[in-house]
Amino acid sequence: MTSPPLNLDLARPAVDTIRLLAADMVEKANSGHPGTPMEAAPIAYLLFARHMRYNPKNPDWAGRDRFILSCGHASALLYSMLHLTGYELSLEDLKNFRQLGSPTAGHPEFGHAPGIETTTGPLGQGISVGVGMAMGQRFLAKKVSSELFDSTIYGLCSDGDLMEGVASEAASLAGTLRLGNLVYLYLDNKITIEGDTQLAFTEEVATRYLSYGWQVQHVEGENLKDLDQAIARAKHSPRPSLIIARSHIGFGAPTKQDTAGAHGAPLGSEELAGAKTFFGRKPEESFVIPSEVKKHMEEAVARGAEQEAAWQTSFETELKNNEALQVWQRAAAGELPEGWDELPVFAAGEKLATRQASGKALNALAQKLPFLLGGSADLGPSNNTTLQGEDSFTACTVGRNIHFGVREHAMGSILNGLAHTPGLIPFGGTFAIFADYMRPPMRLAAMMGLRTIYVLTHDSIGLGEDGPTHQPIEQLANLRAVPNLTVIRPGDANETVEAWKAAIANTKGPTALILSRQGWETFDRDKLAPAAELHRGGYVLSAEQGELKAIIIATGSELPLAMQAQAELQAEGIGVRVVSLPSWELFEQHGQDYIDQVLPPACACRVAVEAGSTFGWERYVGRDGKVVGMTGFGASGPAGELFKHFDITAEKVAEAVREQL
């Protein structure tokens, strides 16, 4: 359905209303960024009133286009648009901008209000998430229905977005993949918080994006007709599009337009009154929506309802004969197919690294979960993240193997975009040390409650010869500190299989699987507790003989050391319990009664062993317990020699128990 010809007599009052609503919000809150909403109002109007396909009465409609405000500091712009276009965001909500408990937070927060497609604020993240959304839509178009999933992803971005390295990483991949369903509009206002962009940003943005393989257009930010035509052209481009709009921050403000003064603080009552006069409004009135503007925006929204109705008709017709669409419908509803968790079981004594066990489990899952997709940051053979027999995701083919390139930061953000796509379960792999490169999107995934899965291999000094630059020491502690991120470091092959089951079942947030490079023997579960106990986070792997005198707690490749120490101590008549504690987060979820069963408070002699930072283990061993681990960086050498050099051995663990006793 096409929009009617652009009517400037209707458009201009609507644009000015958007500007002044945003400025009023910032002024009332005495906090915020008025300048960007005032310059971006023409773009927001054209997208919401003319080009985007959406229905505020059903904001999660799968056939909608998406709008991402990558420059999240301009949140007042988005809130103004959501109110004017009929989303559940009242005028009172706008008046409570940036107030505690209000859905109109300082930066757009996913889930706080309908119409907010993703959390933005850290610059560059929105642009990069949009690449993942565009990939997700292309995947559904190819695998499910090209007619139903032909949405466009729109993003509004600023100088700050384009300066951040993550945006460059993501844009480069988008160009390589020729994501023609991606349209970004860049506010080229020449101003940052510190002043003129010439201070730090003099590159030719257009040339850079052309080199990525994007379509690039230049327009004046106040020329509605040219902007309208540029957006229309971008929608039909086979390549991702960047529309560079030469705009004026704080447009209409008498003295602050085109200055840093319009960026990060309210205009002030006098300046705002001058802006209202400039736009022909009464200076003393605030939060005014003229009746003709309200009616005009309602007409635009009505088109969205008609578009959704037509889409739903097509959906119901196609659903009858399209098996892939039926499968997707169940996946989008959160259903997992029967038998999805019937995965390989490894024989006792079989020696393999947990990264290898992960690869086998992942490929078994892929056979049962057709919307499980992902890859790694150019480390597929090392991370064991390649899906066997599946095509790659390229410009010409749409398979389930994604090649992110050496772009961990972008990979994390793209995974978030894929996770925002209904039905998809995305995963991404790299070495655990390089999780540092993608921590910002991992944190955002946890904040938004997205089901993203991180396969982080080479998890300790056990990776050996690559040395301290590649050996993660503090990374486990860092990851465990992130709220709502479930971290799992399995202790053998079968725990790894259970870890994958836990990750797939976790629909409330991301999961990080921490996996080894080196291998060891799989435990005999006929003699020890079953691997399925991993879902409790921590459990008694091997019970004490006789009276409980000490507890050894371990994760990952250090679990065999704990078992060896137990055998040595029990030969001396000391009753020692070995606890496998692969996930602190899952363990804590089971409550204090269960924790006390596994770690009885009366037993104060406790030793934890993990080939990473000792930081944080005090919560389980107590102030008098001991932790066998790393207090500095690693070294280059064979893994076995490194464990001896840093005193992470069964003998050291046993000695730590004896010292306490």
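A salt bridge is a side-chain nitrogen of Lys or Arg within 4 Å of a carboxyl oxygen of Asp or Glu. That criterion will be needed at the second stop of this tour, which is made through a predicted model.

**Stop 1: the domains.** Colour the protein chain by its domain assignment: residues 8-308 form domain 1, residues 350-522 form domain 2 and residues 535-660 form domain 3. Then display domain 2 and domain 3 together. Their C-alpha centres are 25 Å apart. Contact between the two involves 27 residues of domain 2 and 33 residues of domain 3. About 2,300 Å² is buried between domain 2 and domain 3, and carbon and sulfur atoms account for 58% of this area. On the domain 2 side, select Ile461, Arg480 and Arg489: these residues lose the most area to domain 3, and together they make up 30% of what that side buries.

**Stop 2: charged and polar pairs.** Between domain 2 and domain 3 the count is 3 salt bridges. To view a salt bridge in detail, show the side chains of Arg480 and Glu610, which meet at 2.9 Å, N to O. Polar contacts may be examined next; 16 residue pairs, both members at pLDDT 80 or more, are in polar contact across the interface of domain 2 and domain 3.

**Stop 3: the domain 2 side by element.** Select α17 (475-480), β14 (486-488) and α18 (493-505), each of which supplies at least two residues to the side of domain 2 that touches domain 3. The greatest contribution to that side is from α18, with 4 residues. By class, the residues of the side of domain 2 that touches domain 3 comprise 12 nonpolar, 8 polar and 7 charged.

**Stop 4: Leu569.** Move to helix α19 (residues 559-570) and select Leu569 within this helix. Is Leu569 buried or exposed? Leu569 is buried, because its relative accessible area is 0%, below the 20% limit for that class. Beyond residues up to four places away in sequence, Leu569 touches Ile552, Ile574, Val576, Ala654, Val657 and Arg658.

**Stop 5: His33.** Finally, select His33 in the loop between α1 (8-29) and α2 (35-51). His33 has a relative accessible area of 13% and is therefore buried. Which residues is His33 in contact with, leaving aside its neighbours within four places in sequence? They are Val26, His73, Arg98, His263 and Gly264.

Definitions and conventions:
Residues numbered from 1 in each chain as written. Predicted model: local features only at pLDDT ≥ 70, side-chain atom pairs only at ≥ 80, totals over all residues. Heavy atoms only, no water. Domains from an automatic or database assignment. Contact = heavy atoms within 4.5 Å. Buried area = accessible area lost by both parts, 1.4 Å probe. Polar contact = N/O pair within 3.5 Å; in protein donor to acceptor, adjacent residues only side chain to side chain. Nonpolar A, V, L, I, M, F, W, Y, C, P; charged D, E, K, R; others polar. Buried < 20%, exposed > 50% of the residue type's maximum accessible area, 1.4 Å probe, protein only.
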